[in-house]
Structure formats: C-alpha cells, structure tokens
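Here are my notes on the model, as numbered points. Please read them alongside the sequence and the coordinates.

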Amino acid sequence: MFEKLSRYLVPLAGKLNNNRYLTVLRDAFMLAFPLTIFGSIFVVLTNLPFLDQLMNEGALATFRESFSIASSATMGMMSVFVAFGIGYYLSKSYNVEAIFGGAIALVSFFILTPFMVETEAGEVVQGVIPLDRLGAKGMFLAMMTAFLSAEIYRRIVQRNITIKMPPGVPPAVAKSFAALIPAVLTLTVFLAINVFVSQLFHTNMHDVIYQAVQAPLVGLGSGIIPTLIAIFFIQILWFFGLHGQVIINSVMDPIWNTLMIENLEAYTNGEPVPNIISKPFIEIFTVGMGGTGMTLAVVFAILLFMKSQQLKQVGKLGIGPGLFNVNEPIIFGLPIVMNPLIIVPWILSPMIVTLVTYFSMASGLVPPPTGVAVPWTVPFFINGIMATNSIAGGLLQLVNLMIVFMIWYPFLKSMDRFNLKKEQEEKSAA
C-alpha cells in the first residue's frame, strides 16, 4: 500500500516543491517575516492585559497611538513587501536584474491601486491610499500583479529589447538604461488595464480581484475541512520523508497570511477577531508544540514511561530541540519516516487536536489568534499566550499535549516492548 501511495504522491510532492512560482511565493513571504515580527512585538506590548491598571485612560491611549505605527508600517503593508518580493525573486530565478523586477512589480501594483479614500461623511479625498488596500484586502492583487509584471519584464529583457550603453559607462547607469524599455512597456500594460477597468466599468482592480478571487479562496481556506485536508497532507508527506510544511504551506500561505492580517487589523482597531483559522493558528497550535505532528508529547512519553535504551536515547536527543519546536531527531531517529507502526498516531493526533482547538475557539472558551506573528521557535505555552493574548491559549496547548500523549502512548508502548525484547535477545546472545 505504501509503495503504491509513494509512487504517485512523491513525484507530485516533488513537482510542487520544485515549482518556480511556489518557491518564489514562499521566499517573498519570508522576505516580510522579520518585518512582521517587528510589528507583532509592538502589537503585543501595546495590548498587554494589565496596561489599564498601570496607566490612566489618557496615558494608555497616548502609549498605543505612539507605537501603533510599528504594526501599520509593517503588517499593515504586507502586500507591498510581497509584491516587491515576488518581482525580485522571480526575476532572480530567470537571471535577469532582480532589483528592477521588484521595483517594477511594486509600481505595477500601485498603478492598479486607487489613490483615493471615501470618508464616513461620503466625501472623496484624492491623493491618498487606504491602508487596507496595502494590507489583507490587496494581497491577492499584489501577488497576481507581481507575477505578471515580472514575467513581462523578464521576457522583454531576454529578447534583448533594451538600450545597450558603451563599455565605459558605469555599471549602475548601464543597468538603469537597460531596464528603461522593459519598465516602460511593462508599466504601460498595467496602466492600460487600470484605464480600461476604471473608465469602462467604473471600478478598480482591487475590488474586482477581491470579489472574484480573494474572498472565495479566503472563505474556503478559513474552513475547518480544508484545514484538516492540508494537515493530513502535511503529515503524509513527512511520513515519506518530504518536508510537508514547505510543500503545503507554499500553496496555503497566501490564504492563511491574508486571514492573519485581517485578524490583526480587526484586533488593533478594537473589533472582534473575524477568523479562527489563520497562519498563527497553524503555526502555534500544531507546529508550535514540538514541531510537525506535535511530537513534544511523544518525547515526554518516551522519557517518562518507556524503558528500552533505543527509545530513551531518541528521547534525550529530542527533548532539547523539541522545546524550540525542532523535531528532526524524532522524525528521523524514532523513526517516523516510512515507519508503518506509528502512521496512525502520526496522522490522527494533529487532526484531532486541530478539531479540539477549532471548536474551543468557536465556542468562545479560548480567544482566536489575534494576528500577531509569533516566531515558530518560541516554546509552547508561551507562544500560545502570545498568539491569543490570553493565558487560555497556553492552557489549551496543555490540553492538546495530553491528547497527543494519550493517542501516542499505546503505539509507543508497543514499540517499547518490541525494542526491549530485541535488546534482551542481543544481550543474551552476547
């Protein structure tokens, strides 16, 4: 069965993992990662639950207003960084001048962005960009525009439709002139699109893409069933020795990150958090409990209750990295890869925990993640509190840890008995 499954699954996973566009998309989001962490730090600091006891209402409002720019200038403008990152990395993958690819992608996105905002009184203010267009609401347009503009730019460059300067011209000047014609032609395409949509249909590409593409995909990705399917494939890919997170997250990250930014925008505005499932939901309540498969519970079970030397050694190797959500010693040392004895708990436990987490948040027992980006190496319990801004998030992780422990225990005990018997036979033979 495993041979037949791997025959079809492994080549498909390899194609996804090596896909140029998915790789570029992953790298673009990683470009924004340190910026989102910076913004998240100040979101956490300005929303600590005890601040209202340390400051009066006026001081607290001033404190939050002073530092709110940190999140607005980073997580609130995620689409800007993603657009530039996609243009840069896609151009780089084609061996054309990457910095111009990124700049052209960013300007193409701005060309399609309406420089106007309507006030609550119905007045239209020109010459300004609504921040939501640069955040969650503009995410899919930014991605689509960046990919298309970078492809147009690199095709023009690769066909040598450029201005070539004499050898004595400084390299920076020569590169600028070489990018002139590709930039003009590429940006003209997006200017024509904007004129066509705005003048003929009296709307803008942001609203078109949001209604036609982003809203349906985000609505689908925020559901529990698609999330369980994604987690199932993450686990099954790891079972065959493939990095499930890299492969599946490359497809799902645009949706999960958009949901995360929507949560953060609502949270910082004092509104109810709209989405349970988002990037922090996946990172903190699955990966953030010892690594993929929440194997910190497995390490605890091995060290506390198993007797065979082989398992004890694996547990000792896994406890240190596991506390910081690195579990390669368990995946390859237990092993989990290609081990049919533990495929049931390996797949079952994260799916059950995801269901428990989802319904705990849906019922209101635990607040959903606020949209704050918590580094995945932060130890469990702490990261649960940081992600939800509530101790209930950490307590839910403890409950989840016990669930994983109970699912894994009989399978580990079976492995332990087998290993003990084998070790005793080897000892007798020696």
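1. Arg 417 sits in helix α21, residues 391-429. Helices here are DSSP runs of H or I with at least four residues, and strands are runs of E with at least two, numbered from the N terminus. Arg 417 has a relative accessible area of 56%, so it is exposed. The cut-offs are under 20% for buried, over 50% for exposed and partly exposed in between, with a 1.4 Å probe and protein chains only. Between the C-alpha atoms of Arg 417 and Thr 370 there are 44 Å, at a separation of 47 residues along the chain.

2. A word on the basis. This is a predicted model, in which local features need pLDDT of at least 70 and side-chain atom pairs count only at pLDDT 80 or more, while totals for chains, interfaces and linings use all residues. Residues are numbered from 1 along each chain as its sequence is written, and side-chain values use heavy atoms, with hydrogens and water left out.

3. Val 374 lies in the loop between α19 (343-362) and α20 (382-388). Val 374 counts as buried because its relative accessibility is 9%.

4. Where does α12 kink? The kink is centred on Gln 211 and is about 45°. The bend at a residue is the angle between axes fitted to the seven residues ending there and the seven starting there. Buried residues of α12 include Met 205, His 206 and Ile 209.

5. A pocket is an open set of points on a 1 Å grid over the protein atoms alone, with protein on both sides within 12 Å along at least five of seven lines; lining residues have an atom within 4 Å of a point. Points are joined across faces, edges and corners, and the volume is the space filled by probe spheres set on them. Helix α14 gives the most to this lining, seven residues. By class, the lining of the largest pocket has 17 nonpolar, ten polar and five charged residues. Nonpolar means Ala, Val, Leu, Ile, Met, Phe, Trp, Tyr, Cys and Pro; charged means Asp, Glu, Lys and Arg; the others, Gly among them, are polar.

6. The second largest pocket has a volume of about 430 Å³. Of its 20 lining residues, Ser 71, Ser 72, Glu 265, Thr 268 and Asn 269 lie nearest the centre. The largest share, four residues, comes from α2. Why does this pocket lie between domain 1 and domain 2? Domain 1 (1-220) and domain 2 (233-429) both give residues to its lining, so it lies between them. The domain bounds come from an automatic or database assignment.

7. One cavity reaches 30 Å³ or more. A cavity is a set of grid points where a 1.4 Å probe fits but cannot get out. The largest cavity has a volume of about 70 Å³. Its lining includes Ile 231, Gln 245 and Pro 350. By class, that lining has five nonpolar, five polar and no charged residues.
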